[in-house]
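Dear colleague,

I am passing on the structure we spoke of, and I would be glad if you kept it open while reading the notes below it.

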Amino acid sequence: MTAASGRATLLVIAKEPVPGRVKTRLTPPYTPQEAAALAEASLRDTLDAVLRVPARRRILVLDGEPGRWLPRGFDVVPQVSGGLDERIVGAFAVCDDGPALLVGMDTPQLTADLLAGVGEDGHDAWLGPAADGGFWALGLAEPSRAGSVVRGVPMSTDRTGAVQRRRLVEAGLTVRDLPLLRDVDTATDAARVAGLCPAGSRFAAALASFAEVAR
């Protein structure tokens, strides 16, 4: 595997998987408890993938409290208040010098290979576009620049990724585009993503178990 050699700080921004607070767009057809279980499975798959990437430091930027789903190897810091743009800026603010990459918890199909070279390939920024028009990953060679390139980007729209990329380019940064991935927001997304998850995926297993019960 040709993954990062350990120069980058890896950030996962996430919400505690509490029923009624996460993945509400999965309800229906799933119950709030099932939606939370899928969110937890997605988060655990994401954390496992990040653990497979050599890194200077791994940080979980969390809205809520850590639970038994959190593996060893992560520092935990709270999310700052405000919109998602402010929370992303706040996440980069906890990084030391050197490149940093932030990913969300909604792409359980993430693998270490998708992050190969991030932080050591000579780019100033890295952006992983999402199928819904957003982005699943954002990296900066200089995390201190996050405020100037992220703050004010409209989040959760079908043009978020395009606007974010334009902001990076307008700031004079060289951008490497990471592969396009689909976020899990709806039941249709969940079914499609489960089919793309690597072997042993908790998310795919959880989704399949709920399908069995529904039969």
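The notes below take up confidence, then the sheet, then the helices.

Please bear in mind that this is a predicted model. The mean pLDDT of the protein is 94, with 95% of its residues reaching 70 or more, but over residues 1–5 the pLDDT stays under 50, and for that stretch the model has 19 contacts beyond four places in sequence. Where pLDDT is low, the predicted coordinates should not be read in detail.

Seven strands form an open sheet with mixed pairing, in the order β3-β2-β1-β4-β6-β5-β7. Because β3 (75–78) and β7 (175–177) stand at the edges and each has a single partner strand, one side of each is left without a neighbour in the sheet. From one strand to the next, the twist averages 20 degrees.

Helix α4 (residues 160–170), for its part, lies across β5, β6 and β7 and runs at about 15 degrees to β6. Helix α1 (residues 32–51) has 20 residues and reaches 28 Å from its first C-alpha to its last, close to the 28 Å expected at 1.5 Å a residue; its buried residues include L38, L43, D45, L47 and V50.

Notes. Residues are numbered from 1 along each chain as its sequence is written. This is a predicted model: local features need pLDDT of at least 70, side-chain atom pairs count only at pLDDT 80 or more; totals for chains, interfaces and linings use all residues. Side-chain values use heavy atoms; hydrogens and water are left out. Two strands pair if DSSP finds at least two bridges between them. Helices (H or I, at least four residues) and strands (E, at least two) are DSSP runs, numbered from the N terminus. Axes are lines fitted to C-alpha atoms, for helices over the stretch in contact, and angles run from 0 to 180 degrees between N-to-C directions. Contact means heavy atoms within 4.5 Å. pLDDT is the predictor's confidence in each residue, from 0 to 100. The expected span of a helix is 1.5 Å times one less than its number of residues. Buried means under 20% relative accessible area, exposed over 50%, partly exposed in between (1.4 Å probe, protein chains only).
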